[in-house]
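Work through the exercises below with the model open. Try each task before reading its solution.

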Amino acid sequence: MAEKEESSAAGGGREEELKKELQSVVKKIVDEDNYGTEITLKAISILSDLSDTVLTKKFRCPISGEIMGDPVVLSSGLTYDRPSIQKWLNEGNLTCPQSKEVLSHTILTPNCLVRKLISSWCKGHGVAVPRSHQDTNGEIITEFDRLYFNSLVTEMFSSLTDRKEAAKELRRLTTAAPSYRAVFFEFTDPISRLIGPLLEGSVDSDPELQEDLITTFMNLLVDCDNMKLVADHPDAIPLLIKSVEFGTIETRKNAAVALSMLSSDNDRRLMIGNAGAPMPLFQLLREGHPIAMKEAASAILNQCVEYSNKEKFIELGAVKVLLEKIREGKLVDELINLVAQLSTHPKAVNELSELDTVHCLLGIIRETESERTKENCVAILYNVCLNDVGLLKVIWTEGIEHQTLAKLVDTGTARAKRKATALATKIGKLFPTVL
């Protein structure tokens, strides 16, 4: 951590130095009529250096301070380098190192976009691309290992007993050894061979086999390079959707995680939504099983970045179900985040425009210790109440006693302050009492 703080301090100092230098050069350009080409080129050069400095800072792991080789997203939504955050989690920490919020789960989702940006930036600046976790964990796949791994996939066409034994071993290897995930697609038509047994009849005809194969599928998606190959296979996404609906709770949960990972890309979000994923994901959330509801909520959240998917979940009744579970105290932080996502849609606003909902959100803001949840609550209030005089009056009345909005204006996150200030300004124009 000391190295990280030293690195951050150095980067921050360089950034401030460049800003001051740029400010001085721009002032000359503004103040002088004949400032010449040289000073213009100098401003462009400083801007380029400043851009590189800012980008480099964004590409550094918040824990190690080093440029990330294997960036992954934590359930808090923040990105870390896999070895650093895995070490943090292995030490028994269940909070996000930066936001301090309690983690809803400890699954690490590859941040493929950041990884590509880092690779592109490094190549463009003649810097060695950081080696990924798969490259540095000391594992070497020998030719014998490849043959063994391929033989396990081939066993999917053998007897049921052999299939089940091979599936368990595939699950074990792809869970424990990242290098096996990387070589899977070296084989001929590996996806068809892997999932073949699940396409022969009912997807859950053998729940144990299904669970092992779906979990293997999920493990393979941890490697960013595998995502497009999986998504391009015509049977892959439909199989995952069926497995969210039918199977053991572990199978359904892992299928939801796989769909969530695949939803990191805009085109795939649309493809998954159009393939029928909303209903089984919503059903998994509604059932409320402790180990599956979090993953269903995460998958739905990723799906709802696509506007048309958002409408699908709203029409299924997601808003009502989410509010019921929030009032029951179930996964409040995660579900409020999902409601905030849905609240940007007019149909969701209509369902959220209830007095009880406004009182519920204000109560959560007062009681929660999560700054992110407070931010999401006030974002919902902003989307729902800004143009509704009746609901604004509810907030105004509540403010006389609790000053909930006023406290957010003073102490909330930057986004929470903006939303709370906009609401307070509107209320101040409508009603005499200042919040």
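Glu-398 is buried at 8% relative accessibility, where buried means under 20% relative accessible area, exposed over 50%, and partly exposed in between (1.4 Å probe, protein chains only). This is a predicted model: local features need pLDDT of at least 70, side-chain atom pairs count only at pLDDT 80 or more, and totals for chains, interfaces and linings use all residues. Residues are numbered from 1 along each chain as its sequence is written, and side-chain values use heavy atoms, without hydrogens and water.

**Exercise 1.** Find the salt-bridge partner of Glu-398.

Solution. Apply the criterion: a side-chain nitrogen of Lys or Arg within 4 Å of a carboxyl oxygen of Asp or Glu. Arg-366 qualifies, at 2.4 Å from N to O. Glu-398 sits in helix H23 (residues 389-402) and Arg-366 in helix H21 (residues 355-367), 32 residues apart. Helices here are DSSP runs (H or I, at least four residues), numbered from the N terminus.

**Exercise 2.** Which parts of the chain does the Lys-168 and Glu-208 pair tie together?

Solution. The closest N and O atoms of this salt bridge are 2.8 Å apart. Lys-168 belongs to helix H7 (residues 160-176) and Glu-208 to helix H10 (residues 207-220), so the pair ties together parts 40 residues apart in sequence.

Notes. Helix = DSSP H or I, 4+ residues; strand = E, 2+ residues; numbered from the N terminus.
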